[in-house]
Amino acid sequence: MKGIHKTIIIVAVIFLSGLFVFATTKKTNSTVDSIDTSAFPSKLDFAGEPTPLHIADVKERFDRELLVNVNLHASTILAIKRANRAFKIIEPILKRNGIPDDFKYLAVIESGLVNVVSPAGARGIWQFMPETGKERGMEVNENVDERYDLAKSTQAACSYFLSAKGKLGTWTLAAASYNGGMAGVNKQIAIQKISNYYDLLLTEETSRYVFRILALKEIMNNPSKYGYNIASEELYTVLPTRKIEIDSAITDLADFAKGQGINYKILKIHNPWLREAKLINAEGKKYQIEIPLSGY
């Protein structure tokens, strides 16, 4: 009898605990529904260049990246939310430079559309190394680092893509070279005597690179197909700003921010290229500082 009584108590505790858990769980509009694993696209392309899914290893390599990214729920939701903000800046710059729109998904796989720092020292949404950033026209030092400026780093990325396309011949190879390097990809083309990305045997990371781009493109273009249902009001937006042109030093950015009606944190969020608590600007260079009009 004692055993039966003890069992009843345990069952009752578990039942009541379940009620409390469900009673305190906050619901949001973002949901990840069950995924139909048969939702495989019949055709794909990168920048208008067809992906040969009829080749067995190509289909399998894409399937891997699609399944991996579909099941990275938090990361994929955040990418979709951030894209609503970042793509509004990236897309017109790509278009202005004659770069196919698909290259915006390269930024997604590089950084998740946030300013991150890699173990090797690459920084920003486009993940430029210091010397490469300088070569592509950005100022990179301890005080000012334009790799963190989305507009300027996107322009620098466009410069790279145009050079890579001119050297390697296709947009797909240009994208692959962003990971494997123009020299590295070109070397394998010479060794293997083939110039199609999907026929080249490359390093593991470069071999997966374009397929990761294709997977994010497919998911982000068809989120509900893969179980992602995110309400429009949950997407991150571009906040309106006013721009101030500065051609002199700012000795204290905290004081400067207060003078603009904001604080130091908000100033740095909207101008992440300002890396210190001051702007040295010994040469009198002109900088555009953005001051948000809302959202603080």
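1. Is the crossing of H7 and H9 left-handed or right-handed? In this predicted model, the crossing of H7 and H9 is right-handed. H7 covers residues 171-180 and H9 covers residues 204-221, and the two helices pack with their axes 9 Å apart at an angle of about 125 degrees. That angle makes H7 oblique to H9.

2. The residues behind this packing can be listed from both sides. H7 contributes Thr172, Ala175, Ala176, Tyr178, Asn179 and Gly180, which meet Glu205, Thr206, Tyr209, Val210 and Ile213 of H9. Sorted by class, the contact of H7 with H9 holds six nonpolar, four polar and one charged residues.

3. H7 also packs against H6. The axes of H6 and H7 cross at roughly 120 degrees and come within 8 Å. H6 is therefore oblique to H7. The crossing of H6 and H7 is right-handed.

4. On the H6 side of this second contact are Ala157, Tyr160, Phe161, Leu162, Ala164, Lys165 and Leu168; on the H7 side are Trp171, Leu173, Ala174, Ser177 and Tyr178. The contact of H6 with H7 divides into 10 nonpolar residues, one polar and one charged. Tyr178 of H7 is among the residues that meet H6, and Tyr178 is also among those that meet H9.

5. The largest pocket has a volume of about 960 Å³. It is lined by 32 residues, of which Ile89, Leu150, Ile269, His270 and Glu290 are the closest to its centre. By class, the lining of the largest pocket consists of 16 nonpolar, nine polar and seven charged residues.

6. Several elements share in that lining. At least two residues each come from helix H3 (73-96), helix H6 (150-168), strand S7 (241-246), helix H11 (264-270) and strand S8 (287-292). H6 gives the most to the lining of the largest pocket, with four residues.

7. Of its 17 lining residues, Glu110, Ala122, Gln127, Tyr178 and Asn179 are the closest to its centre. Helix H4 (104-111), H7 and H9 are the elements that give two or more residues to this lining. The lining of the second largest pocket divides into eight nonpolar, six polar and three charged residues.

8. One link is worth checking in the viewer. Tyr178 and Asn179 of H7 are in the contact with H9, and both are among the residues closest to the centre of the second largest pocket.

Note on methods
Residues numbered from 1 in each chain as written. Predicted model: local features only at pLDDT ≥ 70, side-chain atom pairs only at ≥ 80, totals over all residues. Heavy atoms only, no water. Axes fitted to C-alpha atoms, helices over the stretch in contact; angles between N-to-C directions. Parallel < 35°, antiparallel > 145°, perpendicular 65-115°, else oblique. Left-handed = near helix turned anticlockwise from the far one by under 90°. Contact = heavy atoms within 4.5 Å. Nonpolar A, V, L, I, M, F, W, Y, C, P; charged D, E, K, R; others polar. 1 Å grid on protein atoms, 1.4 Å probe; cavity = no way out; pocket = protein on both sides within 12 Å on 5 of 7 lines; lining within 4 Å. Points joined across faces, edges and corners; volume = space filled by probe spheres on them.
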